[in-house]
Amino acid sequence: MSKTNQNLYEAVLTGDVAATVSLVNTILQEKSDPRLILEESLFPAMVQAGELYDQGEYFLPDLAMAAKAMKEAMAILEPLLKNSGVEKLGTVVIGTVKGDHHDIGKNLVASMLEGNGFEVVDLGYNTSADKFVEAVRKFEGPVLVALSALLTITMPQMKVVIDRITAEGLRSRVRFMVGGAPVTQEYADQISADGYSDSANAAVVLAKKLITSF
Ligand code: B12
């Protein structure tokens with residue numbers, strides 16, 4: 001890895017947004033392939049940030065800052081990547097379910113998925129089942145639907161979404177992943193979700209697994 005790519009890796013990992021933006025622009029001026037920037041610096045930095053969080057060495061603000069740096073870098077690279085034909089790993093429609101206004105965890109999961117190569121459609125918080133159905137219909141191929149809930153009373157809304165998408169005949173091309181502090185693997189099984197994870201990093205591993213399960 002070149003010195004500049006190594007510096008960019010460090011900048012994302014430490015959540016230094018200004019350095020990240022400046023380094024991405026420097027590397028692009030050297031006529032580097034945007035895909036190499038992703039593969040050599042950005043993705044490894046996000047994977048490492050997620051691992052440090054899982055190990056308890058990074059705390060929430062550290063992970064959020066790394067995700068922010070990644071997001072700013074992606075904002076510069078995305079238009080270039082669209083032209084260079086980089087294949088996305090898959091599409092994820094994500095949202096916090098109806099009645100629930102917690103979105104910090106959902107945003108982290110969305111950023112991590114985006115940072116790791118997924119196309120992410122973020123429906124925000126307090127998202128109705130109708131909106132999930134509408135979003136899934138916009139795509140033709142396989143879609144991962146990621147549902148977040150932080151309140152015990154909104155958890156059942158996850159089942160409402162799964163049931164609605166099933167009733168609309170879309171179940172065969174959708175995999176559901178669920179999460180949020182009160183959600184458990186047991187609950188995920190109970191509502192027939194395809195996967196559960198308790199952290200943004202584990203959500204990336206799960207999404208990569210589910211996208212190959214169609
Ligand atoms: C911040 C916060 C708020 C903020 C939300 C701001 C925002 N923009 O999100 C505000 C102040 C608005 C708020 C409001 C309320 N809150 Co609140 N809130 C919290 C708090 C302190 C932190 C939540 C958080 O952001 N955690 C950090 C993130 C990173 O963690 P996370 O969300 O769990 O996400 C991680 C994983 O779960 C996972 N994950 C999350 N989503 C997904 C999705 C998928 C698909 C996957 C795979 C993984 C995944 O990955 C994430 C990253 O690692 C929690 C306490 C707690 N310890 O959870 C209470 C808490 C969730 N709130 C609670 C309550 C009761 C409320 C209110 C009803 C309070 C009130 N009386 O008004 C309102 C409800 C508003 C509403 N309609 O939603 C209770 C819920 C109790 C329960 N079990 O039902 C909690 C647990 C506090 C408590 N101990 O009582 N809250």
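Buried residues account for 46% of the 214 residues in the chain. The model is a predicted one. It holds nine helices and five strands. The radius of gyration is 17 Å, close to the 17 Å that the globule rule gives for 214 residues, so the chain is as compact as a globular protein of that length. A cobalt atom in the ligand takes a single donor from the protein, H102.

**Overall build**

- Along the sequence, the pattern runs α-α-α-α-β-α-β-α-β-α-β-α-β-α.
- Along the principal axes, the C-alpha atoms fill a box of roughly 50 × 35 × 25 Å.
- Take the contacts between residues at least 6 apart in sequence: 72% of them join residues at least 24 apart.

**Surface and charge**

- The accessible surface of the chain is about 10,200 Å².
- Carbon and sulfur atoms contribute 53% of that surface.
- The chain carries 19 positive and 27 negative charges.
- The mean positions of the positive and the negative charges lie 7 Å apart.

**Cobalt site**

- The donor atom is NE2 of H102, 2.2 Å from the cobalt atom of the ligand.

**Helix α1 and T4**

- Helix α1 spans residues 3–13.
- Its buried residues are T4, N5, L8, Y9, A11, V12 and L13.
- T4 is part of helix α1.
- T4 has a relative accessibility of 19% and therefore counts as buried, since the cut-off for buried is under 20%.
- Beyond its neighbours within four places in sequence, T4 is in contact with L23, I27 and E30.
- G15 follows α1 and has a positive phi, near 70 degrees.

**V93 in strand β1**

- V93 belongs to strand β1.
- The relative accessibility of V93 is 0%, so V93 counts as buried.
- Setting aside neighbours within four places in sequence, V93 is in contact with V121, L123, F132, A135, F139, V143, L144, V145 and A146.
- V93 and E119 are 26 residues apart in sequence. Their C-alpha atoms are 8.6 Å apart in space.

- Most residues other than glycine have a negative phi.
- N126 is a residue other than glycine with a positive phi, near 50 degrees.
- N126 lies in the loop between β2 (119–122) and α6 (129–137).
- With 32% relative accessibility, N126 counts as partly exposed.
- S192 is another residue other than glycine with a positive phi, here near 60 degrees.
- The loop that holds S192 runs between α8 (185–190) and β5 (195–196).
- S192 has a relative accessible area of 45%, so S192 is partly exposed. The cut-off for exposed is over 50%.

**Points to keep in view**

- At the cobalt atom of the ligand, the protein supplies a single donor, H102.
- V93, at 0% relative accessibility, is buried, and V93 is located in β1.
- T4 is buried at 19% relative accessibility, and T4 is located in α1.
- N126 and S192 are both partly exposed.

Notes. Residues numbered from 1 in each chain as written. Predicted model: local features only at pLDDT ≥ 70, side-chain atom pairs only at ≥ 80, totals over all residues. Heavy atoms only, no water. Helix = DSSP H or I, 4+ residues; strand = E, 2+ residues; numbered from the N terminus. Rg over C-alpha atoms; globule rule 2.2 N^0.38 Å. Buried < 20%, exposed > 50% of the residue type's maximum accessible area, 1.4 Å probe, protein only. Contact = heavy atoms within 4.5 Å. Areas by Shrake-Rupley, 256 points an atom, 1.4 Å probe, with all protein chains shown as cover. Lys, Arg positive; Asp, Glu negative; His and termini not counted. Charge placed at Lys NZ, Arg CZ, Asp CG, Glu CD. Donors = N, O, S within 2.8 Å, 3.2 Å for Na, K, Ca; no water.
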